[in-house]
Amino acid sequence: LRRFRSTIVIGLTIPAALMASLFVMYVAGYTINMVSLMSLAIAIGMVVDSAVVVLENVTRHVESGERVREASMFAPAEMGQALTASTLTTIVVFLPMLFITNITGILFKQMALVVIVSIAMSLFAALTLTPALSSTLMRRSFDGDGERRRKSLLFERGERAFARLEERYVTLLTRALKRKRLTILIAVGIFVVSMALGGFVKTEFFPHPDSGEIEMTVELAPGTKLERTMEVLAEIEDFIEREIPEREYIWTYAGETGSGWAIIQGEKEGTHVGRAGVQLVDQTLRNRSSDEVADLIRRFTKSVPSIVKLNIRTGSSIAQFMGMGGAPISIQVKGENMEEIEATSIAIRDAMRSVEGAVDVELDLGDPKPEFHVIIDRERAAALGLNTYTIASALRSNIYGIEATKLRQRGDQWDVVVRASEDERSTVEDILALPIPSMTGKMIRLSSVADVETGIGPTEIRRRDQERLVRVEGRILDRALGEVATDIRAALEDLEVPPGVTVDFGGDVEQQQESFADLGLLLLLSIALVYMVMASQFENLIDPFVVMFAIPFAFVGVVWAFLISNTTLSMTSFLGLIMLMGIVVNNAIVLVDYTNIMRKRGMELEEAVLTAGRRRLRPVLMTALTTIFGMLPLALMQSTGSEMWRPLGVAVIGGLLVSTLVTLVLVPTLYTIFEAKLRKNARWSR
C-alpha cells in the first residue's frame with residue numbers, strides 16, 4: 001500500500017486481537033506458557049489478513065475516484081461475505097481441537113482457543129475498527145498531501161513494480177485460460193510427482209528437543225553392593241568432567257527408595273542400580289548436540305566391565321511429563337508361558353540390535369536377584385504370640401532400617417534411620433539370630449519360628465491384560481523413529497512366535513500411530529467443515545468445490561518444504577497441515593467471490609475472471625505474505641525447545657507458498673471450466 005497511515009490502521013488489528021485472546025485466557029484460567037505464547041505467535045500473521053483485504057479495497061475505491069468516507073463504508077460491505085467465509089473456514093479447523101481428550105488435546109486445546117478468539121476478533125476489527133480508522137486517519141493521506149505522496153520516489157517505483165507484476169500475472173492467467181487442458185495436466189502432474197516423493201518424508205511422534213538434559217541408568221550385576229555401584233558412577237563422573245567441557249553440572253545417586261516409588265514410576269532401583277545426569281550449557285554455546293554427547297558417554301561405558309546394562313536418554317523434563325521420556329521403541333511380548341516369552345523377547349532383542357539407529361536395546365526383564373527366603377512355621381509362631389506381619393516388620397526394621405525420628409539443626413533436616421549393624425545381618429546365621437518382639441513383650445529369636453534358605457527371585461513381575469509381560473526397549477540415534485520402526489518390522493517378519501505369545505509395538509511408536517489416527521480423522525473433519533462453511537456462504541455447491549482445489553496443493557508445498565529442510569512429519573507438523581486446511585482456501589474464497597461480484601455487474605465470464613485476478617492480486621499476495629512472515633521466526637528460530645515448533649512453521653510456509661500460486665492460476669481456470677460447462681451462465685442471465 002506504500003502509505004504509513006495504512007500500516008498503522010492494519011497494525012492496530014494486532015493489539016485488538018491479542019487483548020481479546022488474553023481476556024479469554026484469563027476467564028478460562030489459562031496461564032502464559034510455551035503453548036499459549038506460541039499460539040499468539042501463530043495468530044499474529046493471520047489476524048491482519050481481513051484488515052489487509054478491507055483496507056486494500058478501500059484504497060482501490062478511493063483511487064477510482066470515491067471519497068474516503070464513502071469508500072470506507074462501501075468497500076467493507078463489498079468484501080464482508082468473503083471475509084466472513086474465509087474467517088469461518090479457519091475457525092472450524094481449530095474448533096474440533098477443543099473436544100479432543102488424549103495427549104493431542106492436552107497439547108493443542110489451549111492453542112485452538114487462542115487462535116479461534118484471535119481470528120474472530122480480527123474479523124470484527126476488520127469490519128468495524130478498520131473502516132472507522134480509514135475514514136479518519138487516511139482522509140488526510142488521500143485528500144491533503146496525496147498528490148505529494150504520489151510523486152514520491154517510493155510510491156512511484158512501488159506502483160510501477162506492482163503494475164508490472166499485475167500485467168505479467170494477467171498475461172500468465174490469460175495463457176492458462178486459453179490452454180485449460182494443459183494447465184490442468186501440469187497441475188495434476190505436479191501433484192502426482194509430489195505425492196510420490198511424500199514417501200521419502202520421515203516420521204516421528206514428536207520432534208526431539210535439544211534441551212541439554214542427559215540422564216542415564218546404569219545397572220550392575222544383581223546383588224552388587226551399593227559401594228561398588230557408587231564407584232562405577234564415580235568413574236563415569238570423572239569421564240564427564242574430563243571429556244565434556246560443555247557440562248554445566250552433574251548429579252549421581254544409587255540405591256533404592258524406602259517406598260519403592262521409583263518402581264511405581266517405571267524406573268529400576270536397587271543397590272546394583274545407579275543413575276546419573278548431565279546438564280549441558282545452552283545449545284547456542286556448544287558445537288555438539290546432546291545426542292552426540294550421550295553417544296560419547298555410551299561408548300565409554302562399554303569399556304567399564306562392571307556395567308551390565310545402560311540406558312541413556314536425552315530430552316527435556318517437559319517431554320518426560322508428556323509421556324515422551326520413556327524408550328521411543330518398546331515391543332511388548334505377552335503370554336502365559338514365561339519361558340516362551342523370554343525366548344521370544346531375546347530373539348526380538350537380537351533382531352533389533354541389528355537395525356541401524358537402534359541403540360541401548362535391552363529387555364526390561366531384570367536378571368534374577370539373590371535373596372533370603374524366610375519360611376515361617378505359622379503354628380509355632382502363633383503359639384509364641386507372633387504373626388507374619390510382626391515377623392516381617394521386625395526383619396524389615398533390622399535389615400533395611402526404619403525411620404525413627406528426624407534431626408533438625410540450623411534449618412537442615414536429616415532422617416534418622418535405625419537398623420542392625422552389618423555384622424548382625426550378613427549371614428544366614430545372623431538373620432536366624434535376630435530378635436522378634438512378641439505380643440507378650442518377650443524377645444524370640446527368628447530361628448525359633450522360621451527357617452532361612454538362600455535362593456533367587458525376579459526383581460519385578462509385569463502383567464498386562466492379565467498376562468505376563470516382557471518389554472524389549474531401545475532408543476533412536478541419528479535416524480527418524482518411523483524409519484527405525486519400519487526396519488524393525490521388516491527384521492521381525494521371519495520371527496517364529498509360539499502360539500499363545502503376542503508381540504505388539506508400544507512406546508512412541510504406539511502413541512504415534514494413535515495420535516496420527518486422531519489427527520488424520522481431524523484432518524478429514526476439517527476439510528468437510530471447511531466445505532460446509534463455504535457452501536453456506538456461497539449458497540451453492542460448485543464454487544466451494546472449485547475453491548477446494550487449493551487444498552491438495554497445500555500438501556504439495558508441505559512435502560517439498562519437508563524434503564528441502566529435512567523436517568519430519570510429527571504431531572506439530574501435522575497440526576500445521578491441519579491449520580493449512582482453513583488458511584489456504586481464504587485467498588481462493590476472496591478471488592471467487594470477487595469474480596462473482598464482477599459477473600453480477602454484467603461482465604462476461606473470462607473478463608470477470610481476469611478483472612478479479614488483477615484487482616485481487618495485491619490483497620492475495622499481502623495476506624499470504626503476512627501469514628508467511630508471521631511464521632518465519634517460528635521456522636528459523638534456533639533457541640532451546642525450538643525443535644518442538646519449527647516443523648509447524650515449515651509446514652505452513654511451504655503449503656501456503658504453493659497453494660497461493662495455485663490459487664492465482666488453477667482456481668480461476670477451474671472456475672471458468674465449471675461455470676461454462678455446468679451452469680452455462682444460467683444464473684447470470686437473470
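Let's begin with helix α23 (residues 571-600) and helix α24 (residues 605-636), which pack at an angle of about 155 degrees with their axes 8 Å apart. The two are therefore roughly antiparallel to each other, a label for angles over 145 degrees, while angles under 35 count as roughly parallel. Here axes are lines fitted to C-alpha atoms over the stretch in contact, and angles run from 0 to 180 degrees between N-to-C directions. Helices are DSSP runs (H or I, at least four residues) numbered from the N terminus.

This is a predicted model, so local features need pLDDT of at least 70 and side-chain atom pairs count only at pLDDT 80 or more, while totals for chains, interfaces and linings use all residues. Residues are numbered from 1 along each chain as its sequence is written, and side-chain values use heavy atoms, with hydrogens and water left out.

Now look at where α23 and α24 meet, taking contact to mean heavy atoms within 4.5 Å. Residues including Leu 591 and Thr 595 in α23 meet residues of α24, among them Val 609 and Gly 613.

A cavity is a set of points, on a 1 Å grid over the protein atoms alone, where a 1.4 Å probe fits but cannot get out, and lining residues have an atom within 4 Å of a point. The second largest cavity has a volume of about 50 Å³, and its lining has six nonpolar, two polar and no charged residues.

What is the largest cavity like? About 210 Å³ of space lies in it. Its lining has 18 residues, of which Met 46, Asp 49, Ser 50, Ser 86 and Asn 586 lie nearest its centre. These 18 divide into eight nonpolar, nine polar and one charged.

Finally, turn to helix α20 (residues 507-538), whose axis comes within 10 Å of that of α23, crossing at roughly 15 degrees. That makes α20 roughly parallel to α23. Among the residues in this contact are Phe 516 and Leu 519 in α20, and Phe 574 and Val 592 in α23.

Technical notes: Parallel < 35°, antiparallel > 145°, perpendicular 65-115°, else oblique. 1 Å grid on protein atoms, 1.4 Å probe; cavity = no way out; pocket = protein on both sides within 12 Å on 5 of 7 lines; lining within 4 Å. Points joined across faces, edges and corners; volume = space filled by probe spheres on them. Nonpolar A, V, L, I, M, F, W, Y, C, P; charged D, E, K, R; others polar.
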